[in-house]
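Subject: Handover of a structure and findings

Dear colleague,

Please find the structure below, handed over for your files.

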Amino acid sequence: MASGRRTDTALLAARAGCYRESMPPPALRRHFSRLYALHDGPPAMVAIVPDGYCDLLWIDGRLVVAGPDRTASFPVIRPGATVIGARFAPGAAAPWLKTPLSALVGCSVPLADIGRKDTAEFEARLADCPDPSAARALFSRLLEETARDEEEPARDAAMIFAAADSSRPASSLLEHLGMSERQLRRRCHHHFGYGAKTLERIRRFQRFLDLCHRSGAMPLARLALEAGFADQPHMTREVGELSTLTPAVILDQLSIRQRAD
């Protein structure tokens, strides 16, 4: 899966091919927030926009770790390819991978290169699956097998993420977490790949995307305020820096009206 940067309009992953998300089974919910699959994708550049998460992917016969992004990436996915993924829960990726996420920002790294001893076995078992549906079910079972022996996700990381997700500054948790600002910065870089301010920007951007999903014809100025931006120009700058797309393009791709067409 090659990746690059581009300046023309790309298709958001949620609008590319048949994309489906689901809650993981109970045995995985401590470690993963979502399972998802993309198949029958069109021959188009797909925009993967930052969300504050790290993912484990099965693509082109390999298990790959997609590290957290600061800005959009544009992987080249061959037409008709199937991508199966698991999104790590906040605070779960670094202990699972035995790697600080600051080392994975903006990177897609074969899981084998990170040193997981079970990678070759998992890849061989997935390669034997007769169809994408069977591969999705096996992918989930393999994660369940591994989850039994994994460390508990870091609770402080989950709290920091929840604060960013609800538009509260992570610094407001310092006393509750018993941390200094320097410790908070170190914990954020370890579990998210970047500092609390960047995480807050990214989660605000994700609130904008969620509003676009649910919006039929909400004016952009109101979208900006609902998502937590200072005003519409602030939203336009932030959305452009994080995705290379304009708010109007994203709204057109994700809105209820567009999905109903």
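Does E238 count as buried or exposed, and what is its relative accessibility? At 10% relative accessibility, E238 counts as buried, where buried means under 20% relative accessible area, exposed over 50% and partly exposed in between, with a 1.4 Å probe and protein chains only.

Before going further, please note that this is a predicted model, in which local features need pLDDT of at least 70 and side-chain atom pairs count only at pLDDT 80 or more, while totals for chains, interfaces and linings use all residues. Residues are numbered from 1 along each chain as its sequence is written, and side-chain values use heavy atoms, with hydrogens and water left out.

Surroundings of E238

E238 is located in helix α10 (residues 232-243); helices (H or I, at least four residues) and strands (E, at least two) are DSSP runs, numbered from the N terminus. Its side chain makes a polar contact with the side chain of R201 at 2.8 Å, and another polar contact, of 3.1 Å, joins the side chains of E238 and R204. A polar contact is a pair of N or O atoms within 3.5 Å; within protein, one must be able to donate a hydrogen and the other to accept it, and residues adjacent in sequence count only if both atoms are side-chain atoms. Neighbours within four places in sequence aside, E238 is in contact (heavy atoms within 4.5 Å) with R201, R204 and F229.

The protein as a whole

The protein holds twelve helices and ten strands. Of its 261 residues, buried ones make up 50%. For 261 residues, a compact globule would have a radius of gyration near 18 Å, and the 18 Å of the protein agrees with this; the radius is taken over C-alpha atoms, and the globule rule is 2.2 Å times the number of residues to the power 0.38. Along the principal axes, the C-alpha atoms fill a box of roughly 50 × 50 × 30 Å. Among contacts between residues at least 6 apart in sequence, 72% join residues at least 24 apart.

The sheet

Six strands form an open sheet in the order β3-β4-β9-β6-β7-β10, with antiparallel pairing; two strands pair if DSSP finds at least two bridges between them. β3 (18-22) and β10 (108-110) stand at the edges with a single partner strand each, so one side of each is left without a neighbour in the sheet. β3 and β4 run antiparallel and are joined by five bridges; the bridge partner of C18 is H39 in β4.

Helix α4

Helix α4 (residues 132-147) lies across β4, β6, β7 and β9, running at about 25° to β9. Such angles run from 0 to 180 degrees between N-to-C directions, and axes are lines fitted to C-alpha atoms, for helices over the stretch in contact. The buried residues of α4 are A135, L138, F139, S140, L142, L143, T146 and A147. Their cover includes β4 (32-39), β6 (55-59), β7 (62-66), β9 (83-88), α1 (93-97) and α3 (119-127). At the start of α4, a side-chain oxygen of D131 comes to within 3.1 Å of the backbone nitrogen of S133.

An exposed residue

H176, in helix α6 (residues 174-177), is exposed, with a relative accessible area of 61%.
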